[in-house]
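Subject: Handing over the structure, with notes

Dear colleague,

I am passing the structure on to you, and below it you will find an account of what turned up in it. Please read the notes with the structure open beside them.

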Amino acid sequence: MKQLILIFVLLCFFGCGSQSKKIDKNKIEVYATLFPVYDISRAIFKEKANIHLVIPPGVEAHTYEPSPKDIINFSNGDIFIYTSKIMEPWAEKIVTQLPKENIISNSSQGVNFLDGKDEDEGDEHKEEHHHLGKDPHIWLDPENMKIMAENVYKTAVLKDKKNEKYYKLNYENYCKELDKIDQETKETINKCKIKTIIYGGHYAFGYFSKRYGLNHESPYENFSPNSEPTPKNIKEMVELTKKLKVKYIFFEEMLSPKVAEIIAKESNTKMLLLNGAHNISKKDLDNGITYFKIMQENLENLKKGLDFSE
């Protein structure tokens, strides 16, 4: 009797759970891994889909691993969108476990990934730091975001062909906003006296720096914040900061700014946030923050930190 009751409870639990996944049968269920693809999906699907941010707000994107419950949620969804196998290696494994009817979208299709070694060749400080492997932070270049948006648009049409014109209009409007922030950033950086970003976080702004003609320096030796920078690298950052006579260095979102604090203290500089847009806080998510809002705030801090002059 006890066994029968247990089975009944479990059936009710899983049955109710599966029904609650899609309260509105007219909406598409989209799971987007990182904030950039979440923002794109939100802008293109709008009210025609429920967009779920896979990585919980406040969680560092490089360290996330999906739970069994997450995988069940993905399976109950319609579309799974991820940034790339470089940024989310776990996603490549997950997609093989999802139902065949699920649509999988790798938003990085068509993006040219920067290689750490190649990028250092054009850096005047290349003797000091070598960043190994492929750089996964493709979304910090608006041109890459346009490619990602196109991939999400094509995914939307694949799922919902009858609303193709609607999705295309939303995609085109999103690209127009990307062009605006791109042009504003170019004009701003051109009027900045300092052309080097001293970043106390991991090496995240390679694509951004390449697009806008900046040097980017970080004490981390790879593209992930998982490993601590060496004392030698931190010392070199302090020396470079003093050499360039900058007044501000930058720190990143989500992680402890302790490395940036050390550099700032030793070089007698101040700190400014430079948000890599990997993920956002619960408060920002609730307030509907956008990629464009983050990039605009970054631009204001870059104006201050890189000595903008009209």
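To begin with one side chain: is Lys-154 buried, partly exposed or exposed? Lys-154 counts as partly exposed, because its relative accessibility is 49%, where buried means under 20% relative accessible area, exposed means over 50% and partly exposed lies in between, with a 1.4 Å probe and protein chains only.

Before going further, please note that this is a predicted model, in which local features need pLDDT of at least 70 and side-chain atom pairs count only at pLDDT 80 or more, while totals for chains, interfaces and linings use all residues. Residues are numbered from 1 along each chain as its sequence is written, and side-chain values use heavy atoms, with hydrogens and water left out.

The chain as a whole

The protein chain has 12 helices and eight strands, these being DSSP runs numbered from the N terminus, with H or I over at least four residues for helices and E over at least two for strands. Of its 310 residues, 50% count as buried. If one takes the contacts (heavy atoms within 4.5 Å) between residues at least 6 apart in sequence, 65% of them join residues at least 24 apart. The chain exposes about 15,700 Å², of which carbon and sulfur atoms supply 53%; such areas come from the Shrake-Rupley method with a 1.4 Å probe, and for residues only the protein chains shown count as cover.

Salt bridges

A search of the whole structure gives 18 salt bridges, each being a side-chain nitrogen of Lys or Arg within 4 Å of a carboxyl oxygen of Asp or Glu. Lys-154 takes part in one of them with Glu-150, where the closest N and O atoms are 3.5 Å apart.

A second bridge joins Asp-182 to Arg-211, with the closest N and O atoms 2.8 Å apart. This pair links distant parts of the chain, as Asp-182 sits in helix α7 (residues 164–190) and Arg-211 in helix α8 (residues 206–211), 29 residues apart. Asp-182 counts as buried at 5% relative accessibility, whereas Arg-211 is partly exposed at 27%. Asp-182 and Arg-211 also belong to a network of salt bridges that includes Asp-141, Glu-143, Lys-146, Asp-179 and Lys-186.

Glu-310 counts as exposed, at 75% relative accessibility, while Lys-191 is partly exposed at 38%.

A buried serine

Ser-108 lies in the loop between β4 (103–106) and α5 (116–120), and it is buried, with a relative accessible area of 6%. Leaving aside residues up to four places away in sequence, Ser-108 touches Thr-83, Ser-84, Phe-113, Ile-138 and Asn-151.

Two packed helices

Helices α7 and α12 pack at an angle of about 5°, with their axes 11 Å apart. The two are therefore roughly parallel. Among the residues that meet are Tyr-174, Leu-178 and Ile-181 in α7, and Phe-292, Met-295 and Leu-299 in α12.

Terms used
Axes are lines fitted to C-alpha atoms, for helices over the stretch in contact, and angles run from 0 to 180 degrees between N-to-C directions. Angles under 35 degrees count as roughly parallel, over 145 as roughly antiparallel, 65 to 115 as roughly perpendicular and the rest as oblique.
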